[in-house]
Amino acid sequence: MQRIGVIGAGAWGTALAMAARRAGRDVVLWAREPEVVATVNGSHENTPFLAGVALDPAIRATGDLAEAVRADAVLLVTPAQHIRTTTAKLKPLLVSGTPVVLCAKGIEIATGSLMTEVTAGELPGTPLAVLSGPTFAAEVARGLPTAVTLACRDAGLGQRLAQALGSLTFRPYASDDLVGAEIGGAVKNVLAIACGIVAGRALGDNARAALITRGLAEIARLGQSLGARPETFMGLSGLGDLTLTCGSLQSRNMSLGHALGQGQPLATILAGRNSVAEGVYTAEAVVRLAARRGVDMPICQAVDAILNHGADVNATIQSLLSRPLKPEGA
């Protein structure tokens, strides 16, 4: 696995390109925006999405999707709500048997499908893996130590992918629980918005810790209803990712929630950003999926109510605090 194609040149795609390059791979980075191609190839910096981070000059950007997928493995890093469109474009270009590693964290709003389900539908027979875990793109891009979950049902393929991407500062840990890795990565973005609201309202660290803990219980309930293993949620793609994303305003989702908590309208917050906060879209999808599965997810429901149904922040917080007391494991 010497040649790695990275589809999607936002901050996270660019960081993964750097991780693959540090592992000694030949990397081609596909970008939709011509200005990203120009800055990556010209000044070796992704100025629109990861300004200030010097990129390895050997990373080559392209606007030609066919060129990017001529690879031994493809990392798919486009936003979750665009995965179906992107995989449809990949279908006539991808060589049969080329593994695709799903690196977007989300659930499709229209169908409630996980990213593996969307991709399997568009690219039947393609070997799939999921990369998830506690990762701030800028830190990965700069080579700071990071550990991730790399979930793949084929243990041999998972090992080859880990060897292809792993280095001293980027450590993939193997799993075969794709559903667990996906659910943890998707739902934590919604919970990060909740923690941001708590921070924006100055409700204290106790409240944030309670949200993280009770949020983890929500992740586990939904994941287990879909066949995930409980222990996955105590790992990097569960507790690890949740702790990172809910504990720092580096998180796009937590910072968005913080702005909401301070009273800024959602439309104003989104208008000032050029990167995607996946939790805004995942909140609606998670609530719909949970309803279909009969899973109680009150924190996610509260975030969805604020984002998508005009619910008042203070009233929503009061409603959560007024829920009946019950055993912790319930």
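So, Thr116: this residue is buried, at a relative accessible area of 11%, where buried means under 20% relative accessible area, exposed over 50%, and partly exposed in between, with a 1.4 Å probe and protein chains only. Before I go on, this is a predicted model, so local features need pLDDT of at least 70 and side-chain atom pairs count only at pLDDT 80 or more, while totals for chains, interfaces and linings use all residues. Residues are numbered from 1 along each chain as its sequence is written, and side-chain values use heavy atoms, with hydrogens and water left out.

Back to Thr116. You'll find Thr116 in helix 5, residues 115-122; helices (H or I, at least four residues) and strands (E, at least two) are DSSP runs, numbered from the N terminus. What does the side chain of Thr116 join up with through a polar contact? That's the side chain of Glu182, at 2.4 Å. A polar contact here is a pair of N or O atoms within 3.5 Å; within protein, one must be able to donate a hydrogen and the other to accept it, and residues adjacent in sequence count only if both atoms are side-chain atoms. If we leave aside neighbours within four places in sequence, Thr116 is in contact (heavy atoms within 4.5 Å) with Leu102, Leu128, Val130, Leu178 and Glu182.

Next, Lys188. UniProt lists Lys188 under "active site", in an unreviewed entry; positions are in the numbering used here, feature names are shortened, and annotations may be inferred rather than shown by experiment. Lys188 sits in helix 8, residues 178-200. Buried or exposed? Lys188 counts as buried, at 6% relative accessibility. Beyond four places in sequence, Lys188 has contacts with Lys105, Ile219, Asp241, Leu242, Thr245 and Cys246.

Helix 8 comes up again in the core. The largest nonpolar core has 47 residues, and Ile183, Val187, Leu222 and Leu256 touch the most other members. By nonpolar core I mean a set of buried Ala, Val, Leu, Ile, Met, Phe, Trp, Tyr and Cys residues joined through side-chain atoms within 4.5 Å. Which helix gives the most to this core? Helix 8, with 12 residues.

Helix 14, residues 298-308, is mostly covered, with eight of its 11 residues buried. Those buried residues pack against several helices, among them helix 8 and helix 9 (205-225). Just after helix 14, Gly310 has a positive phi of about 70 degrees.

Eight strands make an open sheet, in the order 3-2-1-4-5-6-7-8, with mixed pairing; two strands pair if DSSP finds at least two bridges between them. Strand 3 (60-62) and strand 8 (170-175) are at the edges with a single partner strand each, so one side of each has no neighbour in the sheet. Strand 1 (residues 3-7) and strand 2 (residues 26-30) run parallel, joined by five bridges, and Gly5 stands opposite Val28 in strand 2.

Helix 1 (residues 11-22) packs on the sheet, and its direction makes about 170 degrees with that of strand 2. Axes are lines fitted to C-alpha atoms, for helices over the stretch in contact, and angles run from 0 to 180 degrees between N-to-C directions. Helix 10 (residues 236-245) lies across strand 6, strand 7 (146-151) and strand 8, at about 145 degrees to strand 7.
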